[in-house]
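Trainee: I am new to this structure. Please take me through one part of it closely.

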Amino acid sequence: MSTIAQKKGFGAVLWDYLTTVDHKKIAHLYLIAGGLFFIMGGIEAVLIRIQLAVPNNDFVSAGAFNEIITMHGTTMIFLAAMPLLFAFMNAVMPLQIGARDVAFPFVNALGFWLFFFGGLFLNLSWFLGGAPDAGWTSYASLSLHSKGHGIDFYVLGLQIAGLGTLIGGINFLVTIINMRAPGMTYMRMPLFTWTTFVASAMILFAFPPLTVGLTLMMFDRLFGANFFDVTMGGNTIIWEHLFWVFGHPEVYILILPAFGIFSEIFSTFSRKRLFGYSSMVFATVLIGFLGFMVWAHHMFTTGLGPVANAIFAVATMAIGVPTGIKIFNWLFTMWGGSVKFTTPMYYAFAFIPSFVMGGVTGVMVATAAADYQYHDTYFVVAHFHYVIVGGVVLALLAGTHYWWPKMFGTMLNETLGKITFWLFFIGFHLTFFIQHFLGLWGMPRRVFTFLPGQGLDAGNLISSVGAAFMSAGVMILLINIVVTQVKNVKVGNDPWGDGRTLEWAIASPPPYYNFKQLPLVRGLDAYWLEKMEGKKGMTPAEPIGDIHMPNSSFIPFMITLGLFIAAFGAMYHVNDKPWAIPLLIFGLAVTFGSMLVRSFKDDHGYHIHKEELTQDEKGAKA
Amino acid sequence: MQAEEKLTYETWPAAPERATLEAKNKFLGFWLFLGGETVLFSSLFATYLALKDKVPDTSQPLAKDLFELPLTLVATMLLLTSSLTSVYAMYHMKNFAFKKMMLWLGVTVLLGLGFLGLEVYEFNMYVHEGHKFTSSAFGSAFYSLVGFHGAHVTFGLGWILALMIRNYKRGLNLYNAPKFYVASLYWHFIDVVWVFIFTVVYLMGMVG
Amino acid sequence: MTNQPLSSNRSRVDLEYRRKTNAEEMRYQIVSFTLMIFLTLLAFAAVAIKGFTSWFTIPFIVLLAAVQVVFQLYYFMHMSHKGHEAPSMFLFTGLFMGLIIVLAFMTIIWW
Amino acid sequence: MKRFAKWRLISLFAILALVLSGCGRPYLSSLRPAGEVADIQYDLMKLSTWIMVGVIIVVLIIFTIVFFRFRRKDDRIPKQVEGSHTLEIIWTVIPILLLLILAVPTVAATFKLADVKEMDKKNSKALVINVRSHLYWWDFEYPNEKIVTSQDLVVPTNEKVYFNLKSLDVKHSFWIPAVGGKLDTNTDNINRFWLVFDDKRANEAGNLFYGKCAELCGPSHALMDFKVKAMSRADFDTWVKDMQAVKQPEKAQTDLAAQGQEIFNKSCIGCHAVTPEDKPEAARLAPNLTNFGERSRIAGILDHNKEELKNWIKNPETYKPGNEMTNKYPAMTDEQLDALAEYLMGLKVQD
Ligand code: HEA
Ligand code: HEA
Ligand SMILES: [Cu+2]
C-alpha cells in the first residue's frame, strides 16, 4: 500500500487507471484524453485551413467540410479545452486548498468516464456513417434537416459528456466549500481555486439548459416530437436560446480557469502577491454572473427586435469592465516585481496583448448594429480564436509547463518549451489576425470554399500558413513530453523556486494521500508566507493520525459503459433495427444496475495507519 | 468506521444528516444539484410556455379543452400530503425512531404511487382525445415537462424504496441517515416542481 | 479532515430539550402544511369560480405558488436552519437564472 | 527577447500594408459602404475600432515598461503590494466611460435600423420586397408590383427598400456586405428591415453587388450567392413594366430555342416558372426564369454563358452539392442541352 514506486506491469497500471478514484490520477486521465482530443481537433483545424488555403479547392468535399468544422468546434470546446482545464483543476485545486481529496472521489471518476465515453461516442460518428454537420451550434432547422446519424451522435454524445461535466462541477464546488484546510478562508484561496469555484458554479447553471436543448433535439430526431418542427407548431428559436443560454456562459467557463492559471503564474514568477487580490475575486464573480445575462448577443441577427438587441448589447459591453480590471491587475502584479521569463511566463506574458485584442473585438461585435455586419463572418472567427487560443489555449500550454513537475515529478525542457511558444505564438497571430479583415471584406464563416476574384485569396493563404506554424509548435511540445518522460529527472517540492501556494509545499508528485498532516493556513499565499519566515514547510494543523481513503472502483466505468451502449440503441431505433430497443434497455439496465450495486454494497474505504505514514517518511529519507 | 458505529438514542446527534464529513458533502452536493435542477425545470417550463397551444390544425385540443380541475386537485393533494409524510419520517429519523421513520416513508411511497397512477390514467385519457407526444409541438412540450416530473417521481420512489430495503435490517446509523435525509429533500423538491406545474400548466391552462 | 467526535454522554436535559424542539418544529410543519393546502384550494377556487378576469387570476395563482414554494423550502426542506447559506445561495441563483430564461422565452420568441 | 520586439514591428508593417492594399472589393466589402445602412454600421465600426486601438495602446505601453524594467536581475524579494484603490478606480471608471461612448450610438443605430414603420402604413409607397430563401437559391417577390424574380435582385437606388425575409426550408441569412448588415431568414417568422443603395457608389461597384448567405445551411452554403442589380428609379420602373408585360411564356426566337422550349415544358416547367406572375410562395419550387437571359450568374456562381449553363444542367451536383435540382429531371443528351441553353439564354424581358 505504501510504496508507490513499485514497478508494475502494463495490465496492472491500466487496471489502476480504470478503477482509480484518486484526483491526481484522474487528472492524468483528463490530461491524456483531453490532449488526444486536442490533437484531433487540431488536425481538423489543419484540414480546414488546407481546404481554404486556395480558392475553389477540392481537398475535401462540401459535406465533409461541414462535418470537419462541426467536429472541430465541438471537439475543441467540449472534449479538449474543458477536460484539459479539468485536468488542472483535479491536479491542483485540492492541493491548493490543503485537502486530502475531493469531496466525491467516486463521482469524480464517474465524471471523467462520462466525458470520455461521450467524446468517444461522438468521434465514432466518423466511422459509422458520417459526423454531425450542422456546426457546433447545431441550429435546429438545419440539424433536423440533416440526413444520417451525424446529429444523433452529436446529441447523444454531448448529453453523456455534459453529464460528466455537470457532476464534475458539483464535485469541485463541494470540495471547495467543505474541504478547505484549517485557516483557508475564502479570501485566502488562490485565484486558480477561485476561478475553479466560479467556473464550476457556472457549469451547474449553464449545463441544464444544454441538457434540455439536447433532450428536445433527441426527442425530435429520434422519437417523433415536434419542438422545432414549424409545421407542427414548433419553433426553432427555442433551440437557439437554449443553446446560447448555455453557450455563452460556456466560454467564460473556459476563460475563467485560464485566468486563474495566469494569475498563479504572474504572481509566482514576479515574486509578488497578486495585485488587487480582492478585486480580482470580485471581478471573477462578476464576470460569472454577467455571463448569464448576455447570451442573446449571438442572436443579434435572428430578429429579436431592437429592444432585446439593445439590452443585450449594453449588458455584453459591461463585461469588458471586470475583465479590464483583471488585465490591469496582472500588469501591476508584474510592475515592481522581479519577473523571471520561464516558459510558463512566456505564455502568460504573451497572453496579455493577445487576449486584449480578442476581448476588444468582443466588445466590437457586441455593438449590435455593427454586428449585423460582423456576425457569421470570419471577423467573429477571428474574435473567438483570439480569446480562446490567445486566452484558453495559451493558458493550457502555460499550465502544462507550470504544473508538469507537480503532476509528474519532472520538468519539461525549457528550451524546447520556448521553441514551442514561439512557433505557436507566431502561428497564432498569423492565422487569426488576417481573419478579421477577411470577415470585413465579405467572407462568411463556415464556407467550404470561396471563389477567386473576390479579394480573399491572399488572406486565406496567410491564415493557412499560420496553422502550419501552430502544428509545428504542438509537435515540438509532444517531443518535449516524450523526451522529458524518458529522461525522468526527479525534482523536489518547489522546482520553480518561487512557489507561493500550497501545492508547492508537498512532494512532486504528491503522495496519494496528499498531506500527511493538514497544513495550517495563515494567510494568502500560504506556502510563501512560511518560506519568508525561513520555514521549510507548512505548520501542521493536526497531529499525525490515521487517514481515511476511498477504495478504487470499477463501477464508474460500468455506469458509463451502460449509457454508451444505450445511446447506440436510441440512435438505431429510428432505422427500425429490431435490436435497437432491446439494446437501449440493456444499456440502461447496465447503468442502473451498476448504480444499484454501488448503493447496496457498502464501501467505507480504508485507513492508512499512523505507523505506515511514519514509515513512509523514513523510507523516503533512506 | 465511525459512520457505521451503532448509536443509541442518547448518542444520536442533533443533525445526523450532517454529522460526518461525508454526510456534509452529500448534503451540500445534493443541494447544489437541486440548484441545477431548478434551471433544468425552468428551461422546460420556458419551452412549455413558448409552445403552449401551438398545434398544427384546429382539430387538436388546446389546454383549456383538456385539463380538468378535480383530477389535478386529487393529484396535487396526494403529492402535497406525501411531502408532509416524508417530513414526519425525517422527524422520527432525528429522534432515532427507525421503525416510525420506515412507516412514514412507506406511506410516502404509497401516496407517490397513487400520484403516478393518476398521471398514467390522465395521460392515457389525453392520448385518446388526440393530444399526443407526436401530434403537435404543444403535445411534445406538455409531455416533456410533466413527464420529466413524472420520471422524477418514479426515480424518487425507486430511490426511497431501495433505501428502505437496503436498510431494513440495519437500523439507523450515521452512514444511512444522510441518505434518507437527502432522498427526502429530493422528494420535497419534486413537490416544489409540482406546485409550479399545477399552477402554470393546469390552472393557467384552464384559465386560458 | 476526520469525522467530528460525537459527545457520547449528553445530559438528559439536553435530550429532553432536543426532543421538545423537534416536536415543536413538527408542529410548525403541520401548520405550514395546512396553510399550503389552504393556498392550493384557494388557487383552484380562483380558477373554478368563473367571473374573474385572467388578468387577476393568473398573477394571483402564480403568487400563491410562490408563497407555497417558500413554505416548502423554508419549512419542509429546512432552509431556514443554520448551515444552509450555500444551499440557499445556489438555489436562489438557480431560480434567478431560471426566471430569466422563462422571461426570455415569453418575450423574445415569436408567437 | 529583442527578437520579440522586432517581430512586433514587422507585424505592424504587415498590417499597414494590408490596410493600404485597399479595403476589399467595392461590390463585396463592408469596409466600402455603399448605402445609408452600411454607412451607419461603418461609422460604428470606426468608432469602436478607435476606442479599441486606444485600449490596446494603453495596455501595450504598460506591458512594454514591465517587460523592460522589471525583469529579474538579482535575488531580491520585491515588496508585496496589496493593491491600490486609486488605480483600481481609474481602470474601472475609464472603461465604463469608453463603453458609454460606444453604447449610446449603438442603441440609437439599433433602433434606427429596425425602423420599418413605413411598411405598416396604409397606402405606403415604399418599395417592399419579399425575400424567400431556399436551399441554395433566392426568390424575390415584389408584392405590390406583382412580379417574381430569382437570384438577381433588382433594386432602385437612393431610396429605402424594405424587405420581408423568410425561409422555406432551413434557416439562411440575407447579406449584402457592401450595402448593409445581414438579417436571418427564419423558418418561423418574417423578419423585416430596410436598406438603401447609393447611386454613386453603386456605380463605382459596377452596379452589381454581391450577396451572400451567412448562415450555415448545408453542403452548398458557401455557394448560395446572389447578385444585386442597383439601378436608377426610372430604370427600375421600366424593368418592372417589362416584367409585368410578360403574361405568357416568352416565345422562342429560333428553331433550336423552340426545341429547347419543348424540352423545358416537358421536363422543367414543373418547378421553374417562366412568367413572373405571383404564385403562392410554397408553389415556387425553383428559381423563376422569366428574365434568365439577363442574369449575371448561373446558379448564383457560374459565369453566365451557354457552356456553363449546359454544364450546370448536365450535373448540378458537381457545382452545388446537395442542391434540390439534381435528379428531378431526366438526363439530357448534348443536343437537348444545346437546345435548352439556346432557349433559356433567350429569356429576356428588356430589349
Ligand atoms: C473564451 C472564450 C470567449 C471569451 C472570453 C469571449 C469574450 C467576449 N465575447 Fe465572445 N465569443 C466566443 C468566445 C469568447 N468570447 C465564441 C466561441 C464565439 C462564437 C461562437 C459561435 O458563433 O460559434 C463568440 C462570439 C461572440 C459574440 C457574437 C458574435 C456574433 O456571432 O455575431 C459576441 C457579441 O457580443 C461576443 C462578445 C464577447 C465579449 C464582449 C467578450 C468579453 O468578455 C471580452 C472582455 C475583454 C476585454 C474587453 C479586453 C480587456 C479589457 C480591457 C483592457 C479594459 C478596457 C476595455 C474597454 C473599454 C473595451 N462574442
Ligand atoms: C477551444 C476551442 C478552439 C480551438 C483551440 C481552436 C483552434 C483552432 N481553430 Fe477553431 N474553431 C472553434 C474552436 C476552437 N478552435 C470553434 C468553436 C469553431 C466554430 C465551429 C463552427 O463553426 O461550428 C471554430 C472554427 C474554426 C474555423 C472556421 C471554420 C469555418 O467557419 O469554416 C477555422 C478556420 O480557420 C478554425 C481554425 C483553427 C485553428 C487553425 C486552430 C489552431 O489553433 C489549432 C492548433 C492545434 C494544432 C495545429 C494541433 C495540431 C497537432 C498536430 C498537427 C500534431 C499531430 C501529431 C500527431 C498526429 C501525433 N477554427
Ligand atoms: Cu457570447
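Which residues come nearest to ligand 2?

Mentor: First, the ground rules. This is a predicted model, where local features need pLDDT of at least 70, side-chain atom pairs count only at pLDDT 80 or more, and totals for chains, interfaces and linings use all residues. Residues are numbered from 1 along each chain as its sequence is written, chains are lettered from A and ligands numbered from 1 in the order in which they are written, and side-chain values use heavy atoms, with hydrogens and water left out.

Now the ligand. Around ligand 2 there are 33 residues. A residue is near when one of its heavy atoms lies within 4 Å of the molecule. Arg49(A), His72(A), Trp136(A), His385(A) and Arg446(A) come nearest.

Look at the polar contacts (pairs of N or O atoms within 3.5 Å). Arg49(A) places a polar side-chain atom 2.9 Å from an oxygen atom of ligand 2. For Tyr378(A), a polar side-chain atom lies 3.3 Å from an oxygen atom of the ligand. His385(A) meets a nitrogen atom of ligand 2 instead, at 2.8 Å from a polar side-chain atom.

Next, the helices (DSSP runs of H or I, at least four residues, numbered from the N terminus). In chain A, α2 (23–51), α3 (62–96), α14 (378–408), α15 (414–440) and α16 (457–487) each supply at least two residues of the shell.

Finally, the classes. The shell around ligand 2 holds 23 nonpolar, 7 polar and 3 charged residues. Here Ala, Val, Leu, Ile, Met, Phe, Trp, Tyr, Cys and Pro count as nonpolar, Asp, Glu, Lys and Arg as charged, and the others, Gly among them, as polar.

Terms used:
Polar contact = N/O pair within 3.5 Å; in protein donor to acceptor, adjacent residues only side chain to side chain.
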